[in-house]
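Student: I would like to go through this structure one feature at a time. Please give the general idea, then the case at hand.

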Amino acid sequence: MNTKIEAGAHGPGRGAVVAVALGLFACETPADDPSLVVRRDSAGVEIVEALRPAWGDSDGWRIDPEPIVDLAMSGSGPTHEFARVLGMARLSDGSIALADGVMNELRLYAPDGGFVGSAGRAGEGPGEFSGGMYEMVMAAGDTMWVRDWGRRVSMFAPDLTPVRTFGLTSPISGIHDLEDGTMIVGFHLPFGEGSDVDGLIQTPTALWRFDLEGNRLDSIGGTDGYTDYVRESSRGGVMSIATLFPVKAQVATHGGMLFVGNADVMDVEERTAAGDLARILRVRDYDLGLSAAELRAERDDFLGDNPSALLQEVAERTPASGKRPAYADMIVDPAGAIWLQRFRGDSEMDNPDRWLVLNADGVWLGSVEVPERFQILDIETDAVLGVWRDELNVPHPQALPLHRN
């Protein structure tokens, strides 16, 4: 499960840094360079098509593998041991908040990595997590939101004091802060469109706006959701099985706007808080071709040495489309740049992890390569936050320097 920290996360001096960064981006990358981008209007919606990356081979942004802080090394004992880190974010004072889904704790660390305190445990009460933690979101005002397996949202103040807890109905795909006192909640619809309840289907999601007391306000559309393989279970009911090269829609928020990417092509829709389409940002003719050898390698990895009849059925009935998903994750950073994690199949995880970057004007800057064995959870102006795993697979939550040349 890839978990995003919303693009409301704050780092030290964030406002001033972002203002400078925006000015630099505008100077370095002309928004209307016809060799880089084409802009047109379609029924009041701006369509921005990037033609080529602005960065050359020797320039671009770079993530330094030498950490600013490593929370597994900045102290000792259980408070510096981690199991499954769901999310990380920096507060305005430089402190680092972290959610561990196995420990069922929301933890706070000083800027130098020293442990400050923790909140949460398994339970049904305020500030507790029903069935365990599922997702963490850093929201406006340095507040932290945690969604649990019991479909509840718990909100915490910057000092980890519980603020409120409320429940939501239906299977949830994610929660997102609009920074205006409301939130976006994605709900999985009961069944998808496709071959009834037997085969590869597309399960869409509905997006609703809620206030921060948990009251539903209005519908603001939806996404294409995700692909899955579904069939009737021999024990009754329906079972779903992960399939090859699954497409999954991504949602993020920034500056009161909603960003939706269905990941079938290299584009992103920018929508207003009311759900109205404002812009489409697209990379024209981005190659998503999937060769026969790549598909064969993914099927071999999927089936393993002794596949069950069910896995063989899934592999045989998964269409060989010849096309991979455009991306697997999306994060909008504090300067409004959209980061799209290029999709890798399970058989391709030894390949470099690269993120394609569009700036706030829709210009395709280029790609940023992630250090080996590091998973990005949040992106700031001067750092990326995430988890590096050592040779023994021990998780190290880290902040790595981000150099924006």
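**Reading the core, the salt bridges and a helix pair**

Tutor: Start with burial, since glutamate 128 has 14% relative accessibility and therefore counts as buried. Keep in mind that this is a predicted model.

Student: Which residue forms a salt bridge with glutamate 128?

Tutor: The partner is arginine 121, and the closest N and O atoms lie 2.8 Å apart. Arginine 121 counts as exposed because its relative accessibility, 55%, is over the 50% cut-off.

Student: How many salt bridges are found in the whole structure?

Tutor: The search finds 21. Another of these pairs joins the side chains of arginine 271 and glutamate 269, at 2.8 Å from N to O. Here arginine 271 is the buried residue, with 9% relative accessibility, while glutamate 269 is partly exposed at 22%.

Student: Which parts of the chain does the pair of arginine 324 and glutamate 294 link?

Tutor: These two side chains meet in a salt bridge with an N to O distance of 3.6 Å. The pair links distant parts of the chain, 30 residues apart: arginine 324 sits in the loop between helix 3 (309-317) and strand 23 (327-332), and glutamate 294 belongs to helix 2 (residues 292-303). Arginine 324 is buried, with a relative accessible area of 11%, whereas glutamate 294 is partly exposed at 30%.

Student: Which residues are linked in a network of salt bridges?

Tutor: Glu49, Asp267, Arg282 and Arg284 are linked in this way.

Student: Now the helices. At what angle do helix 2 and helix 3 pack?

Tutor: The angle is about 165°, and the axes are 10 Å apart. Angles over 145 degrees count as roughly antiparallel, so helix 2 is roughly antiparallel to helix 3. Helix 2 supplies Arg299, Phe302 and Leu303 to the contact, and helix 3 supplies Leu311, Gln312, Val314 and Ala315. The crossing of helix 2 past helix 3 is right-handed.

Student: What tends to happen to nonpolar side chains in soluble globular proteins?

Tutor: They tend to be buried together. In this model the largest nonpolar core has 41 residues, and those with the most contacts inside it are Trp61, Ile63, Ile338, Trp339, Leu340 and Ile376.

Student: Which residues does isoleucine 376 touch, leaving aside those up to four places away in sequence?

Tutor: Isoleucine 376 touches Ile63, Ile331, Trp355, Val370, Leu385 and Gly386. There is also a second, separate core of 16 residues, with Leu91, Met136, Met144 and Phe156 among them.

Definitions and conventions:
Residues numbered from 1 in each chain as written. Predicted model: local features only at pLDDT ≥ 70, side-chain atom pairs only at ≥ 80, totals over all residues. Heavy atoms only, no water. Core = buried A, V, L, I, M, F, W, Y, C linked by side-chain atoms within 4.5 Å. Buried < 20%, exposed > 50% of the residue type's maximum accessible area, 1.4 Å probe, protein only. Contact = heavy atoms within 4.5 Å. Salt bridge = Lys/Arg side-chain N within 4 Å of Asp/Glu carboxyl O. Helix = DSSP H or I, 4+ residues; strand = E, 2+ residues; numbered from the N terminus. Axes fitted to C-alpha atoms, helices over the stretch in contact; angles between N-to-C directions. Parallel < 35°, antiparallel > 145°, perpendicular 65-115°, else oblique. Left-handed = near helix turned anticlockwise from the far one by under 90°.
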